[in-house]
Amino acid sequence: MPAERAHGGEPTVRDAISAPDAEGRPRRTTRRFPRITRDTARPEGGGRAASGDAPAPARQWPLLVVLGGVALGLLLTALDTFRFGTLLVGAALLAGAVMRWILPSVGMLAVRSRFTDIATYGVLGLAIVLLAMMAQPDPWLQIPFLKDLLHVTLSNK
């Protein structure tokens, strides 16, 4: 029998794939997702980034690194150094992707699954960096086919 009654009458689950229902009878669970979601799971890597006895900012240092980089980049952008500011914003997002990939626990930087977080932070960070490098005047990066693509899409033919 997968579930037995303990001293206080509470069922004890002995089988990893069975769990007691509301009446305490063991029932088999499946690996399929339920049709109706009743609870949300913590994202993979969503634990504390430091021990529980550390102060709150120290426990969330990966998120604070990314937010600090974005805030500094926005400040530089507001102070009329557009290219450096936006490069810093993109670099901060790329750093978030790297931290999400490498570190086992990143605190509140983990929002979704690891793959989704890495893809989101990485694609957005790379797009911001590339757009900052292609910004006018005097772009640092020139992609020749983009000008032709713009002419093709906006032509009146």
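Colleague: At what angle do helix α3 and helix α4 pack, and how far apart are their axes?
Modeller: This is a predicted model, mind you. In it, α3 (residues 82-102) and α4 (residues 114-134) pack at about 160°, and their axes are 8 Å apart.

Colleague: Why is α3 called roughly antiparallel to α4?
Modeller: Angles over 145 degrees count as roughly antiparallel. The pair sits at about 160°, so α3 gets that label relative to α4. As for handedness, α3 passes α4 in a left-handed crossing.

Colleague: Which residues make the contact?
Modeller: From α3 you have, among them, L87, L94 and W101, and α4 brings residues including I118, Y121 and M133. By class, the contact has 15 nonpolar, five polar and four charged residues. Glycines such as G90 and G96 of α3 are in the contact too, and Gly counts as polar here.

Colleague: How do you know that the length of α3 agrees with what its 21 residues should span?
Modeller: At 1.5 Å a residue, α3 should span 30 Å; the end C-alpha atoms are 30 Å apart, so the two agree.

Colleague: What makes a residue of α3 buried, and which ones are?
Modeller: Buried means under 20% relative accessible area. In α3 the buried residues include R83, L87, G90, A97 and R100. The buried residues of α3 pack against α2 (61-78) and α4.

Colleague: What about the whole chain: how many helices and strands has it, and what share is buried?
Modeller: There are five helices and four strands, in the order β-β-β-β-α-α-α-α-α along the sequence. Of the 157 residues, 24% are buried.

Terms used:
Residues numbered from 1 in each chain as written. Predicted model: local features only at pLDDT ≥ 70, side-chain atom pairs only at ≥ 80, totals over all residues. Heavy atoms only, no water. Axes fitted to C-alpha atoms, helices over the stretch in contact; angles between N-to-C directions. Helix = DSSP H or I, 4+ residues; strand = E, 2+ residues; numbered from the N terminus. Parallel < 35°, antiparallel > 145°, perpendicular 65-115°, else oblique. Left-handed = near helix turned anticlockwise from the far one by under 90°. Contact = heavy atoms within 4.5 Å. Expected span 1.5 Å × (residues − 1). Buried < 20%, exposed > 50% of the residue type's maximum accessible area, 1.4 Å probe, protein only.
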